[in-house]
Structures are given as structure tokens and as C-alpha cells.
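Visitor: I have this one open in the viewer and would like to talk through how its parts pack. Could you start with a term we will need?

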Amino acid sequence: MAAGRNNTIVTKFILLGFSDHPQMEIFLFVLFLGIYLLTLAWNLSLIALIRVDPHLHTPMYFFLSNLSFVDVCYVSSTAPKMLAAIVTEQTTISFVGCATQYFVFCGMGLTECFLLAAMAYDRYAAICSPLLYAALVPHALCVRMVAGAYGGGFLSSFIETYSVYQHDFCGPNTINHFFCDLPPVLVLSCSDTLISQVVNFLVGVAVGVASVLVILVSYGYIVAAVLKISSAKGRTKAFSTCASHLTAVTLFYGSGLFMYMRPTSSYSLNRDRVVSVFYTLLIPMANPIIYSLRNKEIKTALRKAVGRAHRLAHRHPSSRP
């Protein structure tokens with residue numbers, strides 16, 4: 001800590017993590033490391049598969065590859081520090097490091113909000129106007145939508161991060177969490193945080209309402225179009241193309257609303273720390289599974305990639321002594 005403004009100013013924080021359960025640390029380390037490695041493997045593999053297979057060079061998979069990239073960055077903003085703290089017991093993080101971690105974490109999370117909205121528009125164009133799909137969702141528009149998602153996400157994150165970390169932190173400096181999330185950091189401030197709470201709530205509402213509105217309008221048109229299909233098989237096929245996206249939206253927005261769109265008085269840091277594992281680790285791991293599990297195009301592309309790898313491995317004749 002350093003002296004300043006007649007107060008003791010915090011220069012570093014201590015992340016409690018799961019240190020209050022020392023008997024479970026080895027189990028938690030193995031569990032979280034496994035989840036993190038699987039998240040990296042599945043998301044990076046999906047990005048590579050979409051990249052190398054020409055049949056997957058469509059708007060839907062362009063958005064999906066960006067979603068996987070966001071999930072990799074999202075989970076990497078918190079998991080490595082948490083895992084290192086369990087192994088080394090070095091639980092301190094600098095004030096700047098804490099602000100940076102939240103800025104990246106929040107930026108990637110809000111970017112995912114906008115990406116999910118863009119993917120809803122893509123599904124609307126594909127189902128409601130299949131003959132005009134290429135004209136409604138050209139590649140240039142996809143690039144602009146993705147750029148807008150990153151820009152909007154990180155601009156909103158900057159506003160939230162600045163509104164929190166411009167406060168005075170005079171001690172204590174112990175964060176009852178495994179990363180620098182907003183609620184447990186705000187409670188440590190020795191300044192009046194009412195304005196920050198209002199700003200962060202308004203930013204969350206603005207991003208949430210804008211993206212959810214696009215999703216709801218898109219699916220309103222989709223439902224109306226699907227109900228006009230005469231055959232039950234056709235309706236089922238149309239709805240099935242949206243099932244993965246709807247599942248991802250429900251998981252992501254459901255956990256986000258539970259964590260951040262509540263009055264401060266209702267926060268329980270011990271309970272929310274456990275819930276945080278769900279949206280910081282499990283959702284990024286689940287997304288590539290959700291989008292690949294019943295996706296015939298990805299399964300076909302994967303079989304082709306495995307076949308190519310198998311042929312390359314057996315291309316060179318075995319050498320004889």
C-alpha cells in the first residue's frame with residue numbers, strides 16, 4: 001500500500017480464490033485445469049476446422065469462429081491466474097493487473113452479447129429469406145458486425161472498468177473471489193460507489209437490451225416463418241437449425257442476468273463465487289460442444305480433416321533397412 005490523499009491507497013489486492021477450502025485445492029486444480037485445456041482444445045480446433053474447410057466459409061461459421069475466439073480469450077482472462085494461485089499460493093495481484101483483468105474479462109463478455117445478437121440476425125436471414133441470404137448477409141457486413149461487436153464490447157467495458165477503479169481503495173484489500181469481478185471489488189472501495197453502481201447497471205442494461213431486442217425480433221420473424229411451413233418435418237428442421245444458438249443464448253444471458261442484474265444487497269459472495277465457475281469456465285467449454293453436437297456440416301468437415309490427416313500420415317512409404 002502507498003500513502004496518498006491522507007489515506008492509505010491500495011496498490012495490490014489479495015484474491016482469496018478457494019483458499020478457504022484447502023482440502024479441495026488439489027481436486028479443484030485438476031478439475032479446473034482439465035476444463036481449461038478442454039476449452040482451449042475444442043475452441044481452437046473449431047476455429048482451425050472452419051478455417052481449413054471451404055464448405056464452412058459461410059456467415060454462420062464466420063460468426064461461430066469469432067465466438068470461439070472470444071471464448072478462448074474470455075476464459076484465459078481468469079483461469080491461468082486462478083490455477084497459478086492454487087499451485088504457487090501467490091494470491092496477490094496488482095491494482096493495474098486487477099483492472100486489466102476485469103477490462104479484458106468484461107470486454108470479451110460484452111462482445112459475446114453482441115456476437116450472439118449478430119448470429120440471431122444470421123439465422124433470421126437464413127430461414128426467412130433463404131434465396132436472398134447471400135445478399136442480406138454479405139461478407140463485408142459480417143466483418144462490420146464483428147468489428148462492431150468488439151468495439152461496442154470493449155467501449156462498454158472501458159466505461160465499467162473506469163467507473164470502478166477510479167475510486168479510492170484504502171483497505172482492506174482482500175477480494176473474496178478467484179478473479180477481479182465487479183461486485184467483490186466494489187465493496188472494498190472507501191468511496192461512495194452509488195454512481196458507479198448506477199453507471200454499470202445502465203451499461204449492462206443498454207448492452208443487454210440492445211442485443212436481446214435483436215435476438216427477440218429475429219426469432220419473432222423466424223417463428224412466424226416456420227409456422228407457415230406446411231410439413232411437420234420442415235418445421236422441425238427449421239427449428240433445429242436454431243436450437244444450438246438458443247441454448248447458448250439461454251445459458252449465457254441466464255447466468256449474466258443472475259450475476260449482474262441484481263441489487264447489491266442480494267449478493268452473496270460465497271455463493272456467487274461458485275456460480276462464477278459456471279459462466280467463466282463451463283460456458284466457454286460448452287459452446288463448441290453445443291454448436292457441434294448435432295451439426296452435420298461440422299461433423300462432415302471433421303471426418304474429412306481426420307481422413308486427410310490419416311492419408312498424410314501414410315503417404316510416405318515405410319523405409320526398409
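Guide: A crossing of two helices is called left-handed if the near helix is turned anticlockwise from the far one by less than a right angle, and right-handed if it is turned clockwise. Please keep in mind throughout that this is a predicted model.

Visitor: OK, so which hand does the crossing of H1 and H2 have?
Guide: The crossing of H1 and H2 is left-handed. The axes of helix H1, residues 25-52, and helix H2, residues 59-76, come within 9 Å and cross at roughly 155°.

Visitor: And why are they called roughly antiparallel to each other?
Guide: Angles over 145 degrees count as roughly antiparallel, and with a crossing at roughly 155°, H1 and H2 are therefore roughly antiparallel to each other.

Visitor: Which residues in H1 meet H2?
Guide: On the H1 side they are Tyr36, Thr39, Leu40, Asn43, Leu44, Leu46, Ile47 and Ile50, and these meet residues in H2 including Tyr61, Leu64, Phe69, Val72 and Val75. Sorted by class, this contact of H1 with H2 has 11 nonpolar, 5 polar and 1 charged residues.

Visitor: What about H1 and H11, at what angle do they pack?
Guide: H1 and helix H11, residues 296-313, pack at an angle of about 85°, with their axes 10 Å apart, and that makes H1 roughly perpendicular to H11. Here Leu46, Leu49 and Val52 in H1 meet Ile298, Ala301, Leu302, Ala305 and Arg308 in H11, and by class the residues of this contact divide into 7 nonpolar, no polar and 1 charged.

Visitor: Switching to the sheet, what is the strand order?
Guide: It is an open sheet of 3 strands in the order S4-S3-S5, with mixed pairing. The edge strands, each pairing on one side only, are S4 (92-94) and S5 (174-175).

Visitor: How many bridges join S3 to S5?
Guide: Strand S3, residues 12-15, is joined to S5 by 2 bridges, and the two strands run parallel; Leu15 stands opposite Ile175 in S5.

Visitor: Which helix packs on the sheet?
Guide: Helix H4, residues 95-128, packs on the sheet and touches S3, S4 and S5, its direction making about 85° with that of S4. H4 also packs with helix H6, residues 139-165, at an angle of about 145° and with the axes 7 Å apart. That crossing of H4 and H6 is right-handed, and the contact has 21 nonpolar, 7 polar and 1 charged residues.

Terms used:
Residues numbered from 1 in each chain as written. Predicted model: local features only at pLDDT ≥ 70, side-chain atom pairs only at ≥ 80, totals over all residues. Heavy atoms only, no water. Pairing = 2+ DSSP bridges. Helix = DSSP H or I, 4+ residues; strand = E, 2+ residues; numbered from the N terminus. Contact = heavy atoms within 4.5 Å. Axes fitted to C-alpha atoms, helices over the stretch in contact; angles between N-to-C directions. Nonpolar A, V, L, I, M, F, W, Y, C, P; charged D, E, K, R; others polar. Parallel < 35°, antiparallel > 145°, perpendicular 65-115°, else oblique.
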